[in-house]
Amino acid sequence: RARADASRGPAIAPAWTANLSQSFGASSLGYMVGSYAYDQAGRRWRSTTCSNNTLFHAAGDELCFDQLSVDLHGASSFDTNLTAGTLSGAVCRALPYPFSDPFGILSLATKTGTSSVAGVLCDLWCAALTTPLGQNITASACVAADGVPREFNMTTGIAYKAVSVIRYTFSNPRVGTPSDGVFEPSEACSSSKYPMPACVGGGTQALSLYRVHSKAEPYSLANRNVGDALGDMAFFCDIAGMDATQLVTRWAVEADSAWGQYAFCLYQGGKNLCWGHTGKHVGRESALGLGAGAAQGQCSSNEETGSWISFPDIGECPAGAAVGTEGCTWKAKPVRSVLAGCIIKDRGLQEMCSQERGHAPMLRSAAIFVAALETSDPGRGGCPDAPLGGPGRAEWIVEV
């Protein structure tokens, strides 16, 4: 039996596996179910989950993630990787983070009471910390007598509500060290598939793309994610937990369409960072990685779901240079910004999203979105220009 020390938090069982049910800050994502494996001495853990996502089709699409973290003892800075999708559709993203014990924060926890989960008695523990980079993290757990948490909740404040709040429920635990095979890398992460090669062909494409952001964010797409109008419906209609005071900016983009693997980009430590991309190539995938295209929609049309795009800073063209100059892959200018609340509430996007959910492509929702950013004329569905914020504003395009 694991024993807890009130001055050092609960004693988590050193090694175990369990069934896992996972939920997020955005309830529309539903529950992901699968398995979890933890080996404290071996410094490794794995979470493998899938859900039936009904955003695009009423019958649902399988959305799967396999996250593996193993301490490679200095052999690589990429101790953690994430495999999105399954079989031929799976894509690997190596994350530039060293191994971190997911329950390490509980060493700072204080016991706050007792409870039960699915009839199992457990002790409640709560912890909070602020990282050197200023990130506020809170965690709580209900730890049973065998040392296995039956619930574990964490709030990080990163990105959108969907990923900043994560809740884990563990059931049917089996205490003991998992076999080495449990921690073998996925096929996508153990072969030449990472990073995915760029799409064949190419040529420069002119695109209208959109980004949701705070008023403090500089007007730059370097190391940032954006979407086309249809692709952004996955955010506005499903996962973002949108703040009505945020800005939505329309960008005029020219990009080399030899698309690379889509990168995850986040603001951390005072700067934007991306991981999982193909060198200088502009990254691309279908929204949520779903739809009919292979490899998460990197090279496919994505007509049902729309596309998400990532812009590596190393691919940005110098001012005044054409795409392709000295290998640069993209250039962008902001067109106009509006408040998210105008699109969601005033122009009726929220209501249209509810009508179109499960019936992709969500064309009427996307049309409302496009019109709101096309003009400031409310008679044409437009939203008024938003007050501008953020340092480093680029030269704006003037539309007449």
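**Disulfides, cores and a buried serine**

Colleague: Why does C189 count as buried?

Modeller: In this predicted model, C189 has a relative accessibility of 19%. Buried means under 20%, so C189 counts as buried.

Colleague: What makes C92 buried?

Modeller: The relative accessible area of C92 is 3%. As that value is set against a limit of under 20%, C92 is buried.

Colleague: How do you know that C92 and C189 form a disulfide?

Modeller: The sulfur atoms of C92 and C189 are 2.0 Å apart. A disulfide requires the two sulfur atoms to be within 2.5 Å, and the pair therefore meets the criterion. The torsion about this S-S bond is 100 degrees, and the link of C92 and C189 is right-handed.

Colleague: How many disulfides does the structure hold?

Modeller: It holds 8 disulfides.

Colleague: What makes the disulfide of C122 and C142 right-handed?

Modeller: C122 is joined to C142 with an S to S distance of 2.0 Å. The torsion about their S-S bond is about 90 degrees, so this disulfide is right-handed. C122 lies in strand β8 (residues 120-130) and C142 in strand β9 (residues 136-143), so the pair ties together parts 20 residues apart in sequence. Both C122 and C142 are buried.

Colleague: Which hand has the link of C199 and C299?

Modeller: A disulfide joins C199 to C299, S to S 2.0 Å. With -95 degrees about the S-S bond, this link is left-handed. The pair links distant parts of the chain, 100 residues apart: C199 is in the loop between β11 and β12, and C299 is in the loop between β18 (283-286) and β19 (307-311). C199 has 9% relative accessibility, which is under 20%, so C199 counts as buried.

Colleague: How do you know that C126 is in no disulfide?

Modeller: The nearest cysteine sulfur to C126 belongs to C142 and is 9.8 Å away. A disulfide needs the sulfur atoms within 2.5 Å, so C126 is in no disulfide.

Colleague: Why is C126 called partly exposed?

Modeller: C126 has 35% relative accessibility.

Colleague: What makes S69 buried?

Modeller: S69, in strand β4 (residues 61-70), has a relative accessible area of 1%. The limit is under 20%, so S69 is buried.

Colleague: What joins the side chains of S69 and T80?

Modeller: A polar contact of 2.9 Å joins them, and the cut-off for such a contact is 3.5 Å. Leaving aside neighbours within four places in sequence, S69 is in contact with R43, R44, W45, D79, T80, F99 and S100.

Colleague: Which residues have the most contacts inside the largest nonpolar core?

Modeller: They are F56, F236, V248, I343, L349 and F369, in a core of 34 residues. Elements that each supply at least two residues of this core are β12 (204-213), α2 (233-239), α3 (340-346), α4 (349-356) and α5 (363-374). A second, separate core has 26 residues, including W125, A139, V143 and F152.

Key
Residues are numbered from 1 along each chain as its sequence is written. This is a predicted model: local features need pLDDT of at least 70, side-chain atom pairs count only at pLDDT 80 or more; totals for chains, interfaces and linings use all residues. Side-chain values use heavy atoms; hydrogens and water are left out. A nonpolar core is a set of buried Ala, Val, Leu, Ile, Met, Phe, Trp, Tyr and Cys residues joined through side-chain atoms within 4.5 Å. Buried means under 20% relative accessible area, exposed over 50%, partly exposed in between (1.4 Å probe, protein chains only). Helices (H or I, at least four residues) and strands (E, at least two) are DSSP runs, numbered from the N terminus. A polar contact is a pair of N or O atoms within 3.5 Å; within protein, one must be able to donate a hydrogen and the other to accept it, and residues adjacent in sequence count only if both atoms are side-chain atoms. Contact means heavy atoms within 4.5 Å.
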